[in-house]
Structure formats: structure tokens, C-alpha cells
Amino acid sequence: MRRKPIIGLIYDFDGTLCPGNMQEFGFIQAIRQTPEEFWTKSNNLAIDQDASNILSYMKLMYDEAKKNGIKLTREDFNRYGADIKLYDGVREWFGLVNEYGRKKGVIVEHYINSSGLTEIIEGSPIAKEFKHVFAGSYLYDENGEAEWPAIAVDYTAKTQYLFKIQKGIFSSRDSHEVNEHSTDEEKRLPLTNMVYFGDGETDIPSMKVVNMFGGNSIAVFDPTRPGKKKLARKLLRQGRVNFITPASYTKDSRTFRLVCAIIDKIKAQSELQKFSTYR
């Protein structure tokens, strides 16, 4: 019996599901800085050392927490995640899309592919909605306190995770199985069935990969920030994405109508595929 098509909705987090960066909803306030102060320090550290922007912000979080006598355990990160502000409709979004998929006879899965922190996302109000979260994380000492970056997710790592999702590999450590050859039929969630949501520069390679292999990439933008809309239009013009949409996820939003149309398209392609062989 032919299995139901699986459709994967893959989201960046910062600027895509929430306005701003996840560190700005508790952590930066705890170290008594403004977002502008923190990110200026982080960017300067990366520039001065010619270092990764992602590793630089992770080190700065560690250093500033230590300086302010703040412990960084998994539980502390989770608490910061609980205060994250989400775009309009995000909390209801997953149920809406899942129900639409069920009516159409497909399985919808949701994934995070973020340069932020897994531990903060796991504390967010929508953590349970994701089949897997690919994001940065820390190593912890014997007291359960962060002591060193374990995973830093930059734009190249994001593309790697797409191929892991394709094969149903949910280990960040694995570098063997993801590179094993497999036929299109063996791939659990083909790139053609992926919908990638992003808003910024670290998403561009992933958007392009999904687009190139027949999937759909969507640039979302905050309508209150003209620069974000300008970037989204640029990505559409350059062919990096298939669609752009305001960062609203309500039932009557353009985003929901767009995703429903993509689900319809993937379902129709799956039905047509049944006619590709004849016995």
C-alpha cells in the first residue's frame, strides 16, 4: 500500500516565527543590556577575531552571564524561552495546517532549522509542535551549567540539516548516514515536499537548495520593518525564493492560504506520480 505523502514545513526561528532574536526576550535583560549593546559587542567580537558570528554570540552569552553571576543551565535557557513573543497566529498555526493536511490525505511535519539555541526553543510555548529542532546548543559540566558550545548552526549547517530531514536522520552528530547514497524512493521526506520559511541571510542557501530541488521556499517579513520587506522582495527577484508573505500565521492570512495551495500542489503531484508506472 502506497504511504501518504509527508510534507515538511521547515522554519528558521528568529525573525520568522518571532520578531527579533530569541535572546532578546529575557536573557539580554537579565545581563542588564539592551539588544543593541549586546549585538554590537557580539558583532565586534566576530570582526576583531575574524570569527563565526554564531560562535561569537554564544561565547558572549557565556561571558556576560558569568560576569553578572547568572547560571546558564538547560532549565534557565528554557525559562527564557517561555517569554518569547511570537508573531500573530503562530500558536494556532500548527493545528490549522495539520488539520488541512489531514483533510487532503497528507502528513504534515514541522521542523526548526535555526542559528538560535535549542534550549531556548525547547522552553518556548510552541516547542511541542516540532518533530525535531536543529539549532545551536551548549555542552554542560557536572553541575549542569553551560561551559562550551556543542553545536553552532551557520548557513552551511542549515543546508546539511535539510538532507538529514530528507533521510529521517535526527542526530546533529551523524556525518556518515547522511552521506550514504539512497534512491529517491528511499528518502523519507524528499526536498520536493519541503516548504522552507526564513527571513534573513543565514537562510538564503537553504532557500536556494529547496528551490533548486523542486520544493518551495518562502521569505517572510515583518510589515512594520521596511528593510525586511525590501530584502524579501530582493530574494524573490533573485529567484532565491518562490514566494514572499507577511509574518502573520492566522487562518485568514496570506501565509495560510499560500501553504494550503502548496499542500494541494504536492498532493496533486503525488497522485500524478501513481500514473508514472503501468503494469
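Q: What makes the pairing of the Asp12 and Thr16 side chains a polar contact?
A: In this predicted model, the side chain of Asp12 comes to 3.0 Å from the side chain of Thr16. A polar contact asks for N or O atoms within 3.5 Å, and 3.0 Å meets that cut-off. The side chain of Asp12 also makes a polar contact with the side chain of Lys158, at 3.2 Å.

Q: Where does Asp12 lie, and why is Asp12 called buried?
A: Asp12 sits in the loop between strand 1 (6-11) and helix 1 (27-30). Its relative accessibility is 5%. Buried means under 20%, so Asp12 counts as buried. Leaving aside neighbours within four places in sequence, its contacts include Ile112, Tyr196 and Phe197.

Q: Which residues are linked with Asp12 in a network of salt bridges?
A: Lys158 and Asp203 are linked with Asp12 in that network. Here is the general idea: side chains of opposite charge can pair when their charged atoms come close.

Q: How do you know that Glu64 and Lys41 form a salt bridge?
A: Their N to O distance is 3.6 Å. The rule asks for a nitrogen of Lys or Arg within 4 Å of a carboxyl oxygen of Asp or Glu, so this pair qualifies. Glu64 belongs to helix 3 (residues 53-67) and Lys41 to helix 2 (residues 35-49), so the pair ties together parts that are 23 residues apart in sequence.

Q: Is Glu64 buried or exposed, and what about Lys41?
A: Glu64, at 5% relative accessibility, counts as buried. Lys41, at 36%, counts as partly exposed, because that value falls between the 20% and 50% cut-offs.

Q: What makes Glu119 and Arg74 a salt bridge?
A: Their closest N and O atoms are 4.0 Å apart, and the cut-off is within 4 Å. Glu119 is in helix 6 (residues 118-121) and Arg74 in helix 4 (residues 74-82), so the bridge ties together parts that are 45 residues apart in sequence. Glu119 is buried at 1%, while Arg74 is partly exposed at 41%.

Q: Why are Lys267 and Glu271 said to be separated by about one helical turn?
A: Both are in helix 10 (residues 254-273), and they are four residues apart, which means about one helical turn between them.

Q: How do helix 7 and helix 8 pack?
A: Helix 7 (residues 155-167) and helix 8 (residues 204-212) pack at an angle of about 35°, with axes 8 Å apart. The residues of their contact divide into six nonpolar, two polar and one charged.

Definitions and conventions:
Residues numbered from 1 in each chain as written. Predicted model: local features only at pLDDT ≥ 70, side-chain atom pairs only at ≥ 80, totals over all residues. Heavy atoms only, no water. Axes fitted to C-alpha atoms, helices over the stretch in contact; angles between N-to-C directions. Helix = DSSP H or I, 4+ residues; strand = E, 2+ residues; numbered from the N terminus. Nonpolar A, V, L, I, M, F, W, Y, C, P; charged D, E, K, R; others polar. Buried < 20%, exposed > 50% of the residue type's maximum accessible area, 1.4 Å probe, protein only. Polar contact = N/O pair within 3.5 Å; in protein donor to acceptor, adjacent residues only side chain to side chain. Contact = heavy atoms within 4.5 Å. Salt bridge = Lys/Arg side-chain N within 4 Å of Asp/Glu carboxyl O.
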